[in-house]
Amino acid sequence: MLNRTADTLARATPSRVARKVRGLSDRGVAWLFIAPTMLLLLAINIFPLVWAIGLSFTNYRANRPNEPIKNVGLQNYQRILGDSDIWIAMQTTAHFVLWTIVLQTLIGFALAYLIDRKFRGHAFWTTIILIPMMLSPAVVGNFWRFLYQPQTGLFAYAVSFFTGIPNTSIDMLGSVGAAPWAIVIVDTWMWTPYVMLICLAGLRSIPDYIYEAAEVDRASPWRQFWSITLPMALPFIMLAVLFRGIENFKMFDMVNLLTGGGPGSTTEVASITLKRQAFESWRTGYSSAFAIILFVAVFGLANIYVKALNRVKQR
Amino acid sequence: MSLTTAHSVVAPTPLSKRIAGTIVILYALVSIVPLLWIFATSIKTPPDSIAYPPKVIFEPSAEGYCNLFTTRTRQTPEYISSLPPAANFCDEVTRKRNMVIAGPSNFLPRFVNSLVIAFGSTFCAVFLGTLAAYGFSRFKVPLADDLLFFILSTRMMPPIAVAVPIYLMYRELGLSDSALGMILLYTAVNVSLAVWLLKGFIDEIPREYEEAAMIDGYSRLQSFWRVVLPQATTGIAATAIFCLIFAWNEYAFAALLTSGTAQTAPPFIPTIIGEGGQDWPAVAAGTTIFLIPILVFTVLLRKQLLRGITFGAVRK
């Protein structure tokens, strides 16, 4: 590392020691470097957002571009807040977010705690565990439809093997009661490694001397866990929870491919509702208003996230 | 001298290690089953793939891969027997099912689209991200924290919510269903990750290196090019792989904004159907081919993974 640096510096030394042209000023360089990114984000994120805000006050329908656009004021927003389907979708989303977070945090932390025992081969098995989270939720979610098939699927076979329930009655995606859990299971399978990895970093950040001091004070392992391990890993757990919360609040791809919101609308999370309104019913104005409401919700979460992130960083 | 006893958390007992290892390995094995099953299904014949109880031992077949790359039409046995002998394995398998290969499927063009869009957007995002990250890392930018938060917040938007106005905008600009449109969009999504990650990496390079180079007569741009960039190579490579994985895996935008010429593999793979429903061995074959690059990258990225998934918030 140091050698490379010295090398680079040696090569960096110009033949003429004093140069007359120093190029752009620092201020110029700073703007030259930052501006392209900002312009791109303004064009691809902010401009469409402003457009959507404008549309959210109209009755515009994207499949009928020639129809006159009427300004309807706050009507779209009023309708959304009074629409029972929207509230059901928000409840479905809340159920999904809550249970995936609970399961992923419990299993993820437990796994991290066990991996931190540093048994033989732990690095290899950690890598194996991490694989599902790197894969495309859409492509893998699609394959879970095959695993979930009641007649021939591996999941139904495994459940009936262990419980004795006939496999044909284990219809995870087709039954109203099971479908919300089917998506929770796949999401937990995929993203538990994510929580595990962050928790593991938290556990490894706890210095050994704290445990050594606790040993001297004859604190029981139980006591050590509750007074040292858990509180010191907590900021990391929170970070993982917030990330998963935001991601699952936006969840679209996996659910769209597994159930498409069905059966009926039992797994219709907010993003699926939005897609149905915007790209199937073509209520562009109405769906823009719903999109804005979701933005505001995610921004709230993002704000909390950045505060938590800074707190973790300060440690 | 050592204060740690055999019961200390610092040095776990052999027994606790063994128990921990057993549980973790069990979890790993169970969690990897769906992936092994994808691979196994890809080398099964269609009847084997839907046998019950599920077949663990079976005769491997490349039929799924044949079906993935071709489209087939049903023919009468008389017609098939009148054909010249099968030229290759795929011909033979198809004829056994009373079908003939009609032509190539859309899988290859969709896969190429995925490659073009993923690599194109990764290059753009890393290029823009490196510049912006250097700008934020080294200069006093007014409102830097707000700008950085703004950059991050663009990533927090639900893709479907962004897709509505993007769809309208692209329709006006003629960018609907075009690779250029998708590259621009993925660049915008990935640049936030790139800026945050790379700022962390560049922050770790001591300023003294550039200052020394500048005292020696280098301009700011030269010292950025010749001193900072070579030092940041690892960070840039890791960031590029993260951007690549995102663009490769992305589904929501691709499903809503592309339908034909620019469609990528993720929205295409679920639409692979055979006679009487989804052709699961072909789907599994497409999934396997699609997942292999990511498996390789995951192993390569092991050490940087944590940093990547937390936007640089947690570093080991």
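How many residues does the contact take from chain B and from chain A? In this predicted model, the contact takes 97 residues from chain B and 93 residues from chain A. The legends below go through close-up views of the two chains.

**Figure 1. The side of chain B that touches chain A, with helix α1 of chain B as the element that gives the most to it.** Helix α1, which covers residues 14-42 of chain B, supplies 16 residues to the side that touches chain A. When the residues on this side of chain B are sorted by kind, 72 are nonpolar, 18 are polar and 7 are charged.

**Figure 2. The largest nonpolar core, which has 171 residues.** The residues with the most contacts inside this core are Leu197(A), Ile198(A) and Cys199(A), together with Cys243(B). In chain B, both domain 1 (62-105) and domain 2 (108-264 + 291-309) give residues to the core, so the core lies between them. The C-alpha centres of these two domains of chain B are 44 Å apart.

**Figure 3. Cys243(B) and its contacts beyond its neighbours within four places in sequence.** With those neighbours left aside, Cys243(B) is in contact with Thr122(B), Ala125(B) and Val126(B), and also with Asn190(B), Leu193(B) and Ala194(B). Cys243(B) is also one of the residues with the most contacts inside the largest nonpolar core.

**Figure 4. Helix α12 of chain B, residues 233-249.** At 1.5 Å a residue, the 17 residues of this helix should span 24 Å, and the end C-alpha atoms are 24 Å apart, which agrees with that expectation. Of the 17 residues of α12(B), 14 are buried, so the helix is largely enclosed by the rest of the structure.

Figure 5. Among the contacts in chain A that join residues at least 6 apart in sequence, 71% are between residues at least 24 apart. Over residues 96-115 of chain A, the chain is 100% helix and 0% strand, with end C-alpha atoms 28 Å apart. Residues 181-203 of chain A are likewise 100% helix and 0% strand, and the end C-alpha atoms of that span are 30 Å apart.

**Figure 6. Spans of chain B that carry UniProt annotations from an unreviewed entry.** The feature "transmembrane region" is placed by UniProt at residues 20-40, 115-136, 148-170, 182-202, 223-248 and 280-301 of chain B. Over residues 148-170 of chain B, the chain is 91% helix and 0% strand, and the end C-alpha atoms are 27 Å apart, whereas residues 280-301 of chain B are 100% helix and 0% strand, with end C-alpha atoms 31 Å apart. The UniProt annotation "domain: ABC transmembrane type-1", also from an unreviewed entry, covers residues 111-301 of chain B. That span is 79% helix and 2% strand, and its end C-alpha atoms lie 23 Å apart.

**Figure 7. Two cis peptide bonds, one in chain A and one in chain B.** In chain A, a cis peptide bond with omega of about -5° joins Gly262(A) and Pro263(A), and Pro263(A) is found in the loop between α11 (253-258) and α12 (270-280) of that chain. In chain B, the peptide bond from Tyr52(B) to Pro53(B) is cis, with omega near -5°, and Pro53(B) is found in the loop between α2 (46-49) and α3 (63-69) of chain B.

**Figure 8. Asn98(B) and Asp177(B), each with a positive phi although neither is a glycine.** Asn98(B), with phi near 60°, is placed in the loop between α5 (89-96) and β2 (99-104) of chain B. With 13 other C-beta atoms within 10 Å, Asn98(B) is partly exposed. Asp177(B), with phi of about 55°, lies in the loop between α8 (159-173) and α9 (179-203) of chain B. Asp177(B) has 16 C-beta neighbours inside 10 Å and therefore also counts as partly exposed.

Methods: Residues numbered from 1 in each chain as written. Chains lettered and ligands numbered in written order. Predicted model: local features only at pLDDT ≥ 70, side-chain atom pairs only at ≥ 80, totals over all residues. Contact = placed C-beta atoms within 7 Å. Helix = DSSP H or I, 4+ residues; strand = E, 2+ residues; numbered from the N terminus. Nonpolar A, V, L, I, M, F, W, Y, C, P; charged D, E, K, R; others polar. Buried ≥ 20, exposed ≤ 12 C-beta atoms within 10 Å, placed from the backbone. Expected span 1.5 Å × (residues − 1). Core = buried A, V, L, I, M, F, W, Y, C linked by C-beta atoms within 7 Å. Domains from an automatic or database assignment. UniProt positions renumbered as here; feature names shortened; annotations may be inferred.
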